[in-house]
Amino acid sequence: MAKKVKTDRREFVKYSTLGVLGLVLGGGIVFSPYLKGKENKLRPPGAVAEKDFLALCIKCGQCLQVCPYHSIKLNDIAKGYGEGTPYIDANVRACFACNAVPCVLACPSGALDHKTEKAEDIKMGIAVLEFPDTCLAVKKELVPKGYDNKMLAFTKSVRNETPEEVELLKKFSGFEDKPCSLCVDMCPIPNPLSAIAMVPSASGGRKPEIYDGCIGCGVCQDVCPTSKPSIVVKPRVTYEEYYNDKSYGKV
Ligand code: SF4
Ligand code: SF4
Ligand code: SF4
């Protein structure tokens with residue numbers, strides 16, 4: 001059974017998804033020395049440890065080519081780190097957790113571990129209600145008009161939309177003027193309630209709560225209609241580390 005967690009631990013962990021400067025584990029151990037001072041990105045499903053990933057990835061772009069949601073991008077030279085390696089920007093297009101995980105199957109180098117065979121095997125990170133004060137459900141506000149503009153614009157921009165993207169747009173329609181639970185409604189894994197559910201909040205509204213079934217795909221962050229997503233995914237962080245390790249995030 002999914003473990004109940006407290007989503008308000010965020011005050012103890014003050015790093016952002018895209019700006020983390022070295023993840024710190026209990027006892028002050030640096031989570032990955034290789035990442036210190038580097039941008040910590042969401043890697044595609046099955047990505048091995050970051051240092052190994054950078055060594056193994058041959059930058060062939062096979063994972064990107066088979067992704068039916070156009071979720072994967074290649075890091076550009078301007079970043080100066082992991083140039084040409086694949087990553088996912090959940091603010092633009094998250095991973096929609098295809099059941100057969102074709103990106104992993106396509107990877108010829110071992111950078112994406114073929115042991116990741118289905119959606120539930122994916123472990124990209126963990127979702128966190130980072131900004132509860134902006135969450136529409138906490139504020140008891142309805143989903144605003146134009147909430148789907150970003151997804152519509154992205155799908156239009158790829159020019160060769162796939163059947164999966166057409167289905168996604170259908171699923172993401174019709175939420176306007178309804179109480180917001182988009183992060184829960186759009187969670188793509190086969191058993192979404194093992195990852196996230198709406199629960200009562202102290203404000204008298206509701207809020208999303210994260211459970212250990214979360215795979216860190218970033219869809220909740222992608223679909224959150226607040227101008228800066230209220231919910232974000234911490235790349236390469238596990239449920240246990242974030243929610244159960246009381247020393248996590250303390251230097
Ligand atoms: S699981 Fe599917 S949506 Fe996610 S990155 Fe792989 S191919 Fe793309
Ligand atoms: S809670 Fe968010 S990050 Fe976790 S599996 Fe669901 S959509 Fe993905
Ligand atoms: S999508 Fe989830 S986190 Fe974002 S405003 Fe709606 S209920 Fe809150």
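User: How many other C-beta atoms sit within 10 Å of K59?

Analyst: K59 has 14 other C-beta atoms within 10 Å, so K59 is partly exposed. The scale is: buried at 20 or more other C-beta atoms within 10 Å, exposed at 12 or fewer, partly exposed in between, with C-beta atoms placed from the backbone.

User: And where is K59 in the fold?

Analyst: In the loop between α1 and α2 (62-66). Its phi is near 60°, positive even though K59 is not a glycine. Helices are DSSP runs of H or I of at least four residues, strands are runs of E of at least two, and both are numbered from the N terminus.

User: Before I go on, what kind of model is this?

Analyst: This is a predicted model: local features need pLDDT of at least 70, side-chain atom pairs count only at pLDDT 80 or more, and totals for chains, interfaces and linings use all residues. Residues are numbered from 1 along each chain as its sequence is written, while chains are lettered from A and ligands numbered from 1 in the order in which they are written.

User: What's the mean pLDDT?

Analyst: It's 86 for the chain, and 81% of the residues reach 70 or more. pLDDT is the predictor's confidence in each residue, from 0 to 100.

User: Where does pLDDT stay under 50?

Analyst: Over residues 1-37, where the model has 59 contacts beyond four places in sequence. A contact means that two C-beta atoms, placed from the backbone, lie within 7 Å. Where pLDDT is low, the predicted coordinates should not be read in detail.

User: OK, big picture. How many helices and strands?

Analyst: The chain has 9 helices and 8 strands. Of its 251 residues, 39% count as buried. Among contacts between residues at least 6 apart in sequence, 68% join residues at least 24 apart.

User: Back to α1 then. Is F53 buried or exposed?

Analyst: F53 lies in helix α1 (residues 50-56). It has 23 other C-beta atoms within 10 Å, so F53 is buried.

User: What does F53 touch?

Analyst: R43, A47, V48 and A111, leaving out residues up to four places away in sequence.

User: Now the ligands. Which residues come nearest to ligand 1?

Analyst: C67, Y69, C95, C98 and C103, out of 14 residues around it. A residue counts as near if its C-beta atom, placed from the backbone, lies within 6 Å. By class, that shell has 13 nonpolar, 1 polar and no charged residues. Nonpolar here means Ala, Val, Leu, Ile, Met, Phe, Trp, Tyr, Cys and Pro; charged means Asp, Glu, Lys and Arg; the others, Gly among them, are polar.

User: And which are closest to ligand 2?

Analyst: C187, C214, C217, V219 and C220, with 14 residues surrounding ligand 2. The shell has 12 nonpolar, 2 polar and no charged residues.

User: Which residues are around ligand 3?

Analyst: C135, L136, A137, C180, S181, L182, C183, P208, C224, T226, S230 and I231. The elements giving two or more residues to that shell are α4 (136-139) and α7 (182-185). By class it's 9 nonpolar, 3 polar and no charged.

User: Let's do strands. In which sense do β6 and β7 pair?

Analyst: Antiparallel: β6 (residues 196-200) and β7 (residues 206-210) pair over 5 bridges. Strands pair if DSSP finds at least two bridges between them. β6 and β7 form a hairpin with 5 residues between them, and G204 in the turn has a positive phi of about 90°. P200 stands opposite R206 in β7.

User: How many residues of β5 are buried?

Analyst: 5 of its 5, so β5 (residues 125-129) is mostly covered. β5 also pairs in the antiparallel sense with β8 (residues 231-235), over 5 bridges, and V128 stands opposite V232 in β8.

User: Last one: is V101 buried or exposed?

Analyst: V101 has 24 C-beta neighbours inside 10 Å, so it counts as buried. V101 is in the loop between β4 (86-88) and α3 (102-106), and its phi is positive, about 45°, although V101 is not a glycine.
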